[in-house]
Amino acid sequence: MNKGFFKKIWMLLIFLIPVLIVAGCTRASQRKQTDLKSFYGIMSDNEYVILLEGENIGKAYKEGDEIYLPYELVNNEINDRFYLDKENNRIFYTDIAVQSFDIGSDSNTKVIKDTVYISFNCIKDRTEMNGTVYENPNRVAISQNFGTISVCKPVKDNVIRQYNRDNSDYMAEVSEGESLIIKEKMNESWYRVVKDNGITGYIKANETNGEETEERQSSYKKPEYTHITMDQKVCMGWHQVTSKAANNTLEEVTRNAKGILNVISPTWLKLADTTGNISSLAQASYVEKAHNMGMQVWVLADDFSYGEDGSYFVSAVLGNYDSRQRLINNLVSEVINCNADGLNIDYEKIYEEMADDYIQFIRELSIECRKNGLVLSVDTYVMQSYNEFYNRKGIAEAADYLVIMGYDEHWAGDNSAGSVASLPYVKKGIEDAKVCADAKRIINGIPFFTRVWTETKEGLTSEGTYVEDPINGNYWLTSIAVGMDSAEQKLSSQGITPTWLEDLGQYYGEYEAEGIRERIWLEDERSVQEKLNVMSEAGIGGVACWKLGLEKAAVWEEIQEYMK
């Protein structure tokens, strides 16, 4: 062989060796692909992992040509408008109308391994989401992330890794310029991302163009809820009525609020049993008088009634289809028969296990109210960890007004004395509600009452809530609710001048005698003004007052200013 041949060989090797080294390094850096079937725990060919925004939330199953997702997962994670009627073995879907699917006999539902499932196509047709079924591995990729989202785009073809390490196995290949939704930033060096096909992984930030935003629109056509609202702020007063004779006090309790109140809510309707029957104190003459005084009437219905066994009727009523329908028909009929303008639902005995029944009741009731041109307002607590199960977003969507009961921050059975409605508590209630509802359809309830708290040293009594205080000594705590004037007179009679607490937005006073200390966080015209200022700044739809007859006359001057 001649020298020219060997020279060519050497030149070829000189060229190939760096290429092979780079290629080997690249393959070594990419390592191997993760076994996604094992990673997602897919055990059979008809099993599919459900990836919501890239997160593994459960398993779906394929039967025939259809994919089915478990009802509870759908209700909790994807679309809570699906509701299981266990007694009648069917699923309801409720928005502006009610649809019913008989479990098993309807292709939209299936029972698999004693669990109720809903077909993916049925869900897609009724849910704002992007959803696609993939194989290798079997998965249902769902995204409900619309609007402005954070993304990054690889600067070249690359991979996303199982872990945020260079030598980690990779989850999937990604293309140059592909939009990857950023789930998390890892010390500014790595992004945790999700592909549109649901696969998640990690990519180095410097292997992308960096974080940018992207607009994503939904093609889903939402049901159009119509709402009946007033063309001015709402000023509602709750009128506690405990007998038909008490209806005659309308003019008396509204004397100082003439021209200011535009809604009156008498406490007329109560559950009478576990089958949906109600008792009523409604009177058409009361409604006519209120209308002549320039006020709408939103009849209040509460759930405080209970049976001989001590259990509240509401649980049995809302959990049964027939009793729930009877209750709805009875409520709407009473409002129509007395010519009132709407309903105010004040259901406060709802527990977590009843949450689905309750929101289904509100949705079904809203349909009947809408049909009959009745205003539906629903009272809710200020959001706390123990009442988060109230579906405030669902309530606000169905009802015309979401009413925050912006009081009972400290209540009769509390284990510490404190304000009924401090300013931070009121602000929290409004801010949390605005996440769930249009501000113009939020009404904030304010208290016309306060509590006189009595702390009695251990040994002098054994009534109330026992409080262990290692610093000041143990005591028994009791309280009574009183009106504004009564609270002020209580302090005045003891020669106490209350102190203004700027952080709470109210006056405070206390006094002690013979082992007993009484403490009062006052509600008065100044504390009301502070709350109204917060409400004005938040741009909400109005104020509600519990209850008429407990206020000082001067508070109406503040409310009148707020209503301008």
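Student: How many bridges join strand E5 to E6, and in which direction do the two strands run?

Tutor: In this predicted model, strand E5, made up of residues 90–94, is joined to E6 by five bridges, and the two run antiparallel.

Student: Which strands form the open sheet, and in what order?

Tutor: The sheet has three strands in the order E4-E5-E6, with antiparallel pairing. Strand E4 (82–85) and strand E6 (98–102) each have a single partner strand and therefore stand at the edges, with one side of each left without a neighbour in the sheet. From one strand to the next, the twist averages 25°.

Student: Which helix lies across E4, E5 and E6, and at what angle does it run to E5?

Tutor: That is helix H9, residues 355–371, which lies across these strands and runs at about 55° to E5.

Student: Turning to a loop, where does Gly 210 lie, and is Gly 210 buried or exposed?

Tutor: Gly 210 lies in the loop between strand E16 (200–204) and strand E17 (212–216). A residue is called buried when its relative accessible area is under 20%, and Gly 210, with a value of 15%, is therefore buried.

Student: Which residues is Gly 210 in contact with, leaving aside its neighbours within four places in sequence?

Tutor: With those neighbours left aside, Gly 210 is in contact with Val 151, Cys 152, Tyr 191 and Ala 205. As for Lys 153, which is 57 residues apart from Gly 210 along the chain, the C-alpha atoms of the two are separated by 7.2 Å.

Key: Residues numbered from 1 in each chain as written. Predicted model: local features only at pLDDT ≥ 70, side-chain atom pairs only at ≥ 80, totals over all residues. Heavy atoms only, no water. Pairing = 2+ DSSP bridges. Helix = DSSP H or I, 4+ residues; strand = E, 2+ residues; numbered from the N terminus. Axes fitted to C-alpha atoms, helices over the stretch in contact; angles between N-to-C directions. Contact = heavy atoms within 4.5 Å. Buried < 20%, exposed > 50% of the residue type's maximum accessible area, 1.4 Å probe, protein only.
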